[in-house]
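Trainee: I am new to this structure and would like to go through it with you. May we start with its aromatic rings and then turn to its pockets?

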Amino acid sequence: MKREPDPVEALPPTDNGVGPSNSSIEGFGPDDVHLFGEGKHFRLYEKLGAHLETRDGRAGATFTVWAPGARRVSVVGGFNRWRTRAGALAPIVDSGLWTGWFEGATPGSLYKYRIESQVKNHAENKADPFAFRSQEPPDRASVVWDLDYAWGDEAWMSARVSAVHAKRPMSIYELHVGSWRRPAGDPESFLNYRDLTETLIPYLLRMGFSHVQLLPVMEHPYYPSWGYQTTGYFAATARYGTPQDLMYLIDRLHQSGIGVILDWVPSHFPNDAHGLAFFDGTFLFEHADPRLGFHPDWKSAIFNYGRPQVRSFLTSSALFWLDRYHADGLRVDGVASMLYLDYSRKAGEWIPNRFGGRENLDAIEFLRGLNAAVHEHHPGAVTIAEESTAWPMVSRPTHIGGLGFDMKWDMGWMHDSLHYMSLDPIHRKFHHGAATFRMVYAFSENFVLAFSHDEVVHGKRSLLDKMPGDTWQKFANLRALFGLMWGHPGKKLLFMGGESGQWREWSHERELDWSLADEPVHRGLALWVADLNRLYRDKRALHERDFDSQGFSWIDCADADQSVLVFLRRSDPPEQSLILIANLTSLPRHDYRIGVPLSGSWRELLNSDAECYGGSGLGNYGEKATESLGYHGQPSSLCLTLPPLAVLFLEHDPTIVVPAPAAGTEPAA
């Protein structure tokens with residue numbers, strides 16, 4: 001793409017001479033103005049930004065931008081030789097919007113807005129907040145573009161409308177596009193979205209993941225931010241191709257039966273001069289007071305959720321990715337930072353709400369409205385909150401006082417599990433509560449169990465390297481951790497590289513260490529994850545009641561001395577229930593008795609210690625018959641061999657009938 005110079009003042013400053021626009025002629029009618037001002041215009045991307053439009057046989061585009069604090073606005077680009085006077089926009093009455101049509105603006109034309117503020121001597125060249133495409137960073141101009149694409153995922157989109165995600169298996173592979181793979185022979189460049197399709201889809205199908213979640217693909221100037229410092233809320237980053245290239249990737253994923261979740265960041269935005277910050281010479285998108293408008297952790301600006309136009313902007317962005325890119329859901333980043341006025345702030349550094357509390361009432365209203373709009377306009381799409389506190393009812397409906405998200409990441413389980421599994425097994429008996437505490441609150445929200453990118457960067461080490469012991473023990477521990485994760489109620493998310501046991505921390509500057517796939521122990525771990533995904537998908541007991549307390553019960557959570565956990569994943573009918581047993585020490589347990597709810601035979605479905613996964617091969621040889629000896633409050637029991645640092649999944653086999661105990665015999669206590 002041709003690089004153009006920054007817009008310049010080719011002529012001396014002067015009033016642009018353009019009078020107020022008739023808003024109905026320009027396509028932004030009174031109803032649009034009203035909805036925008038009420039915070040309820042959810043398709044602003046159809047009105048604002050650059051839209052190709054032919055007039056009287058002449059090709060051009062209409063440009064519309066919100067800049068109520070401006071005294072003059074011009075659109076400048078190659079089509080008007082980057083001259084501000086030639087690109088003067090007209091204000092739309094009583095709206096804060098400026099608009100104009102310009103001949104010669106065609107697909108690929110570069111442009112910016114020259115915004116001269118009512119604030120004395122302040123003028124800035126700004127990217128279009130509603131641009132569908134931007135130059136590849138570090139260049140910053142917006143690009144005139146259309147979003148035409150011939151989708152082939154009609155069957156997927158039709159079926160999605162009636163999907164009940166709470167009862168379906170959802171195993172999510174979190175992926176950073178720029179570092180999953182790099183082009184062969186050129187590790188300094190990126191794969192195009194289309195090129196990614198050819199390797200990613202077969203991999204996801206082989207591994208059995210139901211969804212892929214992309215770290216933010218919205219345009220961001222600073223690559224090491226991984227997309228979390230967003231400037232283009234309607235533009236797919238040009239690092240990896242065109243908007244249509246990303247559509248192609250999502251389309252092909254859908255046609256292959258794989259859902260797509262996009263990471264989306266309404267919690268803050270960067271202060272880059274060409275972006276949203278101080279957009280029209282006023283604090284338009286953000287708060288003026290740094291106690292409300294500056295994020296101390298990320299050194300970025302915080303949206304003013306109390307301004308209706310900002311709510312319209314953000315909700316329009318969310319719906320845009322579901323509408324024009326067919327995304328199946330949004331993982332909303334940094335929700336906790338939105339909910340609390342004192343988030344990461346000391347006393348005196350924040351302003352209480354009107355009731356004297358620390359809750360951000362405007363953000364709460366925005367999030368509820370956002371979730372309601374998503375579910376109204378895109379039934380079957382999901383919203384997932386990254387919310388790290390005990391805020392109540394995050395994933396409960398808005399009509400009963402909840403925030404309206406479909407799901408929430410279980411950050412407590414993640415921290416407890418990683419802490420527990422990082423301990424030398426000999427010490428785990430002293431921390432047994434870390435392995436069992438989750439079930440106290442497990443059904444208070446609709447949880448996603450997530451080991452995300454945040455857990456394998458900044459000195460935290462890779463998942464494999466967090467595990468204690470020698471190499472064999474590290475892999476055994478990680479297999480056991482994954483077994484517990486897939487066995488526990490809740491949907492699943494795993495960041496790329498965890499499934500194959502990357503030794504190094506993740507770095508956005510390089511691709512994953514794919515050469516490890518040739519090593520048997522890494523290949524065994526990946527096979528274990530694939531088989532867990534298959535079991536999770538195929539066995540209703542493992543996914544239908546992920547959010548239902550009737551889907552889980554402990555058989556034994558009290559054996560701290562031997563660090564053994566035994567629980568039941570209940571199904572309807574009960575005969576399809578599964579039992580999970582975890583031995584989290586380095587010692588094998590022989591003749592270990594557990595109670596079971598059904599007599600007969602129990603089949604060992606999966607054993608993380610199997611040789612094919614890199615284990616020692618210790619197990620129960622397929623099936624075990626029950627004994628008519630009550631145990632753990634159950635009517636029957638099994639004597640099992642528990643391999644070291646291993647997880648077993650057992651399923652009742654109804655084809656084998658065990659005779660009832662002789663009359664007069666009493667089961668043992």
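Mentor: Let us begin with a definition: a charge sits over a ring if NZ of Lys or CZ of Arg is within 6 Å of the ring centre and within 35 degrees of the ring normal. Please keep in mind that this is a predicted model.

Trainee: Which residue lies over the face of W514?

Mentor: R181 does, at 4.0 Å from the ring centre of W514. In another case, K491 is placed over the face of F547, with 5.2 Å to the ring centre.

Trainee: And how many aromatic pairs are there?

Mentor: The count comes to 47 aromatic pairs. One of them joins F63 and F79, whose rings are stacked, with 5.5 Å from centre to centre and 20° between the planes.

Trainee: Why does that pair tie together parts that are apart in sequence?

Mentor: F63 belongs to strand 2 (residues 60–66), while F79 is in the loop between strand 3 (70–77) and strand 4 (90–92), so the pair ties together parts 16 residues apart in sequence.

Trainee: Is F63 buried or exposed?

Mentor: F63 counts as buried, at 0% relative accessibility. F79 also counts as buried, at 17% relative accessibility, because buried means under 20% relative accessible area.

Trainee: What about Y305 and F366?

Mentor: Y305 and F366 form a stacked aromatic pair, at 5.5 Å centre to centre and 20° between the planes. This pair links distant parts of the chain, 61 residues apart: Y305 is in the loop between strand 16 (300–301) and helix 7 (308–323), and F366 is in helix 9 (residues 361–377). Both residues, Y305 and F366, are buried.

Trainee: Changing topic, how many disulfides are there?

Mentor: The count of disulfides is zero. As for individual cysteines, C612 counts as partly exposed, at 48% relative accessibility, whereas C639 is buried, with a relative accessible area of 17%.

Trainee: Now the pockets. How much space lies in the largest pocket?

Mentor: About 630 Å³. Its lining has 26 residues, and W226, W298, E386, H453 and D454 lie nearest the centre.

Trainee: Which helix gives the largest share of that lining?

Mentor: Helix 8 does, with three residues. Helix 8 (335–339) and helix 10 (411–422) each supply at least two residues of this lining. By type, the lining of the largest pocket has ten nonpolar, ten polar and six charged residues.

Trainee: And what lines the second largest pocket?

Mentor: The second largest pocket holds about 360 Å³ of space. It is lined by 21 residues, with R168, P169, S210, H211 and G257 nearest its centre. Nine of the lining residues are nonpolar, eight polar and four charged.

Conventions:
Residues are numbered from 1 along each chain as its sequence is written. This is a predicted model: local features need pLDDT of at least 70, side-chain atom pairs count only at pLDDT 80 or more; totals for chains, interfaces and linings use all residues. Side-chain values use heavy atoms; hydrogens and water are left out. Rings of Phe, Tyr and Trp (its six-membered ring) pair if their centres lie within 6.5 Å; planes under 30 degrees apart count as stacked, over 60 as edge-to-face and the rest as tilted. Helices (H or I, at least four residues) and strands (E, at least two) are DSSP runs, numbered from the N terminus. Buried means under 20% relative accessible area, exposed over 50%, partly exposed in between (1.4 Å probe, protein chains only). A disulfide is a pair of cysteine sulfur atoms within 2.5 Å. On a 1 Å grid over the protein atoms alone, a cavity is a set of points where a 1.4 Å probe fits but cannot get out, and a pocket is an open set with protein on both sides within 12 Å along at least five of seven lines; lining residues have an atom within 4 Å of a point. Grid points are joined across faces, edges and corners, and a volume is the space filled by probe spheres set on the points. Ala, Val, Leu, Ile, Met, Phe, Trp, Tyr, Cys and Pro count as nonpolar, Asp, Glu, Lys and Arg as charged, and the others, Gly among them, as polar.
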